Amino acid sequence: MNNLFFLPITLALGILLGNLYFRGLWMTVEKLPTAQNPILLTLGSFFVRLAIAIAGFVLVLALAKDYALWHLLFCVGAFIWVRNRLIHKVQQKLRRNLNAY
């Protein structure tokens, strides 16, 4: 596959994986106080999110035969970018809630 064509797909996949992973983490954290078995919820969520993320990264490596490492780095970079954006969003929400009191 052409590297320049596949690069935006790699970035989009990294953003998708980051959203799935970190929004799933946030959903898990929100459900922990009401969970009947919080350890099972935490471990189950972690392993499902990890499996999805690893499968996505392996997909990038499999599809990008030439320069696969560069594509993987772009995908991981987009994954981490989503993490930073979500942290920023949550911090703003918490600041607004604290200022309301």
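## Ser45 in helix H2

Ser45 sits in helix H2; helices here are DSSP runs of H or I, at least four residues, numbered from the N terminus. The model is predicted: local features need pLDDT of at least 70, side-chain atom pairs count only at pLDDT 80 or more, and totals for chains, interfaces and linings use all residues. Residues are numbered from 1 along each chain as its sequence is written, and side-chain values use heavy atoms, without hydrogens or water.

Ser45 counts as buried because its relative accessible area is 13% (buried is under 20%, exposed over 50%, partly exposed in between; 1.4 Å probe, protein chains only). Leaving aside residues up to four places away in sequence, Ser45 touches Gly24 and Thr28 (contact: heavy atoms within 4.5 Å).

## H2 against H3

Helix H2 spans residues 38-63. H2 and H3 pack at about 145 degrees, with axes 8 Å apart. Axes are lines fitted to C-alpha atoms over the stretch in contact, and angles run from 0 to 180 degrees between N-to-C directions.

From H2, the contact uses Ala53, Phe57, Val60 and Leu61. H3 supplies Ala68, His71, Leu72, Cys75, Val76 and Phe79.

## Nonpolar surface patch

Leu11, Tyr67, Leu69, Trp70, Leu73 and Phe74 make up a nonpolar surface patch, with about 670 Å² of accessible area together. Areas come from the Shrake-Rupley method with a 1.4 Å probe; for residues, only the protein chains shown count as cover.

Helix H3 (residues 68-100) gives the most, 4 residues. Leu11 belongs to helix H1 (residues 3-31). Leu11 is partly exposed, at 32% relative accessible area.

Technical notes. Patch = residues over 30% accessible without salt bridge, like charges linked within 9 Å, V, L, I, M, F, W, Y side chains within 5 Å. Salt bridge = Lys/Arg side-chain N within 4 Å of Asp/Glu carboxyl O. Helix = DSSP H or I, 4+ residues; strand = E, 2+ residues; numbered from the N terminus.
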